[in-house]
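User: Hi! Could you walk me through this one?
Analyst: Happy to, here it is.

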Amino acid sequence: MATPTALLDELGKRYTLSEIHIQRDDLLFLKVTKPQAVRFLKDLRDDAGYTHLTFMTNIDYIEDGRFTLTYMLHNYDTHHEIGVHVDLDRDNAEMDSIHNLWAQGRTYQCELREMYGIRFPGSPGLDDDFCLEGWDQIPPMRKEFDIVAFSEERFGNRPGRGSTDPREHMGTVMYPEHRDGTEH
Amino acid sequence: MSLKDLISPFYVWQRAFQKPYTQKRPIEERPGAPRYRGFHINLTEECVGCGSCEAICQNHAIDMVKVEGLEPRNGDSGLRPKFDYGRCCWCALCVDICTARSLRLSNHYAWVTEDPDAFHFIAGTDAMPWNQNSLGYRRDDDYHLLTHDRIEMDALSPEESLKGFDEVMKGYTEEQALLEADRCVECGICVATCPAHMSVPDYIKAVRNKDWEGGLKLLYETNPFSTTCGRICTHRCETDCVLGLQGTPIAIRWLKRAIADRVPAERYAEILNDTFTENGKKVAIVGAGPGGMSAAYYLRKQGYGVTVFEAQAHGGGMLRYGVPSYRLPENQLDKDIDYIRSLGVDVRFNTRVGQDVPFSELMDNHDAIFIATGLSSPMKLRIDGEEHPRVVSGLKILDDVAKGQDPGVGKRVAVIGGGNVAMDAARVSRRVGADVTVLYRRRIEDMPADPEEIHESKAEGCHLVPQAIPVKIKDADDPNQVVIVWGEAEMVSDAKGGRPRPVLQEDRMHEETYDTIVSAIGQGGDYDFMGECLGSIEQKWGKFIPGAYQQTGVSKIFVGGDIANSTADAISAVEDGHHAARGIHRFLSEEGLQ
């Protein structure tokens, strides 16, 4: 049973690993480069016992212009988990497909294409609708997507909606004579 | 058709008598998990209506609305969040951001009604079946979207600060200011509490954007003493800052200073661009303190010819002669005053009205008068022996030091009082090398001085003795010394519900010898210069009671500052001056004010 440290020593010989974070004895996160990522995942599956892809997701670091894909793997023998991060260029997000490693990978990749616009060339059914039928906007999980503006335009407001600004309200009621129209 | 096809429907029928596999709904309701995100609950009493929930809601599902019977007051807008469940996605960001921690989610998730408008309600206020529900999502104690701790400001150590009169607080660096500004949620609850109703969220935003010029313009809309107030303001706004509900309030005062300190005086005129045309009317102002000079600024901007009469050799009033330079350096006060003067405000220094110029001349030659002379006469202790030559007033000591003279307090000093003047007199005495004891008749928490003044005076080695009532002052053996007799006091709760009262314990008396006793129990005003006008102006407890827009019973006389408000601080004086300027403009223009 490989401890996280032993596993890292072994993998570190062959892969460029960074941002290693041992969160618990049975939970480890690390980052691997995009060209090495799929080979790295395959080694984890075939040689290190991480046979199960628990989930696959993405984080949008809009300020840094990058996406961070996250593959969460589970080892059924040791019940250890490992989270593998991979940085992608946010403006041209494309990643090698893992549907050949884990069949359910195609579903996650279809979802990530729909929600973030990430391309996974060769992934079956990549452009099928995942849960957004007839979506005509930018992918909605990208942080530049303005949910409120979209909702206002698409659905409008229920009758009876309307808000009062706390500062304005307090000024009107509490000190009306002391206002010069310089409120902002 | 086979026989099986004929019989099979009857096989199905036999199931009609078996127990169904599916759960019956809604007869067997399943409770949500303990931390389930169901319908909202808001603890209305704890909510302050800051609107952070509305601001963070990604789906625009929340409106801040008026609630019947809930009026706005300092620290509470009186508004409460109303939820539109057609938009809510139960992300609970509203719960996580809630400054009062009053908002939470119940674990109640199933609610059936045929009226879609029923899913649009004020949580916690409208009666809902889950309002008493004790389970559901809460923010974790260790999860914070807000930064609860204030960015500290660098300061001189007590040892260093005692060496002289250098400014103790060093001011925020740009990095510190940005971090502190970043904590603000921009709710604007503080604006009502600020006596001058400064645009706090806007200028904090300017700090965040490093827009020092825009920030300065915002400050001057309501306060031409921003360099000063950025240092010594009583910062009532911070008392009601919603960040203070769970952490420390935003350092609003320090952020004001951060703006003013970053704009050099030479650039004020260009940035503020205060242009006006003369309107030919003249206003006299008595007193060049924050009240008088603020009135001068706002009147000048409307084109009035403004003359300020000041008894002292410099402007600033109590800010100069009552606040020591380690809290407010003179050059910073001058920065504010000089800009106002640069607009063509004529300040006549060393000119005491009633002595150097008759009040009647002001009345005859001006269209309106604003009086903000401040409280400069020390109140009497009203105990035997207080005329002793070794008893001096706190103001006298501060005045001496402000004028560069040695206050001559000796090595052992007792200060009587618990206000800012008492604290400053004590700290100044420490700086000239004295051991200082402060005697105050109530408890430390009752002291009217700013908490930081109390804190800093303790740090600088002043010995604070609460619940000490002076009884008598008498001669010491050494003619250069003086003896004070004081007794310990017990706090007795007031039967009428007022604050507890100190009662002298005659069996616990003390007698001590000092080089100087400093009396600093408050100040009164001196209004004799106004002559017969005084009879037409309402007064109570030695202060004027102005009407709307600071106007008095003599229609062309307006009053403000310490002589006309109960707070007696710089920021209130600034607003009185500003408000009087509004009033005078109405009075002298067609807008009307009789």
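User: How many bridges join strands β15 and β16 of chain B?
Analyst: 7 bridges join β15 (residues 468-475) to β16 (residues 482-492), and the two strands run antiparallel. Strands here are DSSP E runs of at least two residues, helices are H or I runs of at least four, both numbered from the N terminus, and two strands pair if DSSP finds at least two bridges between them. This is a predicted model, where local features need pLDDT of at least 70, side-chain atom pairs count only at pLDDT 80 or more, and totals for chains, interfaces and linings use all residues. Residues are numbered from 1 along each chain as its sequence is written, while chains are lettered from A and ligands numbered from 1 in the order written.

User: New topic: how many helices and strands does chain B have?
Analyst: Chain B has 20 helices and 22 strands. Its radius of gyration, 31 Å, is well over the 25 Å from the globule rule for 594 residues, so chain B is more spread out than a compact globule. The radius is taken over C-alpha atoms, and the rule is 2.2 Å times the number of residues to the power 0.38.

User: And what does the C-alpha trace span along its principal axes?
Analyst: About 130 × 70 × 50 Å for chain B.

User: What percentage of chain B counts as buried?
Analyst: 47% of its 594 residues. Buried means 20 or more other C-beta atoms, placed from the backbone, within 10 Å of the residue's own.

Methods:
Buried ≥ 20, exposed ≤ 12 C-beta atoms within 10 Å, placed from the backbone.
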